[in-house]
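I opened this model to look up its overall layout and then a few residues in turn. My entries are kept in the order in which I looked.

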Amino acid sequence: MEDYNFYKSKLDRELSRRNDLDNAINNPILGITIIVGLTSYIIQNNNFKHLDKADYWIIFNLILSTFTTLISLYFIFLSNNNLLKGFEYKNFGLLSDYRDVQKKLEVYNEQVEEKEREDFETKIVEKIITFSDNHTIINDKRALDLQLARKYIIISFILVVFNLIFLTINNLIHD
C-alpha cells in the first residue's frame with residue numbers, strides 16, 4: 001500500500017502541474033500585449049518620412065522585437081496545444097473495465113499456483129506509473145516551451161524599452 005500512495009501522489013502532482021501549465025500561459029500573453037502596445041506607440045509617434053540613421057536604428061529594433069515576439073508566440077502555441085496537434089495525456093478508462101479486469105484476475109488467481117498469482121493493486125500501480133511517466137514527459141516539454149516563450153518575450157521587451165529610450169532621447173535632441 002505504501003507503493004500505491006507514493007505513485008498515486010506522483011500522478012496527482014503531474015495532474016496538478018498540467019493545470020498549472022494551462023494557467024501559466026496568461027503571463028506571456030500579457031507580456032506580448034504590452035509589447036504590441038508599446039510597439040504601436042513607437043510607430044505612431046515616430047515620423048518615418050525623412051529617414052535618418054536614428055530612424056533606421058529604430059526600425060531595425062522594431063523588426064528584431066517583432067521577430068522575437070513571433071518566436072515567443074510560436075512557443076506559446078507549442079506549449080498550449082502542441083501546435084494544434086494537442087497532447088496525448090493517458091488517463092484511466094472506465095471503472096467498469098477495471099472491475100472486469102479485477103474479476104478476471106480473481107478467477108485466474110484461483111486457477112493457478114500461488115507463485116503465479118497476480119495482484120490487482122500491482123496492476124493499478126503499473127498503470128499509474130505509465131500514466132504518470134506520460135504526464136511528466138508532456139509537462140516537462142510544455143514547461144520548457146513556456147520558459148523559451150518567456151525568454152523571447154523578455155528579449156523583445158528589452159528591445160522595445162531600448163527603442164522608447166532611444167526615441168525619447170532622439171526627440172529631446174531634435175526639439
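The entries below go from the whole chain to single residues.

**Ground rules.** I am working from a predicted model, in which local features need pLDDT of at least 70 and side-chain atom pairs count only at pLDDT 80 or more, while totals for chains, interfaces and linings use all residues. Residues are numbered from 1 along each chain as its sequence is written, and side-chain values use heavy atoms, with hydrogens and water left out.

**Fold.** I looked up the secondary structure, taking helices (H or I, at least four residues) and strands (E, at least two) as DSSP runs numbered from the N terminus, and found five helices and zero strands. The radius of gyration, which is taken over C-alpha atoms, is 27 Å, well over the 16 Å that the globule rule gives for 175 residues, so the protein is more spread out than a compact globule. I noted that this rule is 2.2 Å times the number of residues to the power 0.38. The C-alpha trace spans about 95 × 30 × 20 Å along its principal axes.

**Contacts and surface.** Counting a contact as heavy atoms within 4.5 Å, I found that residues 24 or more positions apart account for 80% of the contacts with a separation of 6 or more. For burial I used under 20% relative accessible area as buried, over 50% as exposed and partly exposed in between (1.4 Å probe, protein chains only); buried residues make up 33% of the 175 residues.

**Record.** I checked UniProt, where an unreviewed entry lists residues 21–44, 56–77 and 152–173 under "transmembrane region"; such annotations may be inferred rather than shown by experiment. In the model, residues 21–44 are 92% helix and 0% strand, with the end C-alpha atoms 36 Å apart. Residues 152–173 are 100% helix and 0% strand, and there the end C-alpha atoms are 31 Å apart.

**Ile153.** Is Ile153 buried or exposed? Ile153, which I located in helix 5 (residues 120–174), counts as buried because its relative accessibility is 9%. Setting aside residues up to four places away in sequence, I listed what Ile153 touches: Pro28, Gly31, Ile32, Ile35, Ser72 and Ile76. Ile153 and Pro28 are 125 residues apart in sequence, yet their C-alpha atoms are 7.2 Å apart in space.

**Phe131.** I found Phe131 in helix 5 as well, and with a relative accessible area of 7% it is buried. Its contacts, again not counting residues up to four places away in sequence, are Leu11, Lys90, Asn91, Phe92 and Tyr98. From Phe131 to Lys10, 121 residues apart in sequence, the C-alpha distance is 10.0 Å.

**Tyr7.** I then turned to Tyr7, which lies in helix 1 (residues 2–23) and counts as partly exposed, because its relative accessibility is 28%. Which residues is Tyr7 in contact with, leaving aside neighbours within four places in sequence? I found Val125, Ile128 and Ile129. As for Gly31, which is 24 residues from Tyr7 along the chain, the two C-alpha atoms are separated by 37 Å.
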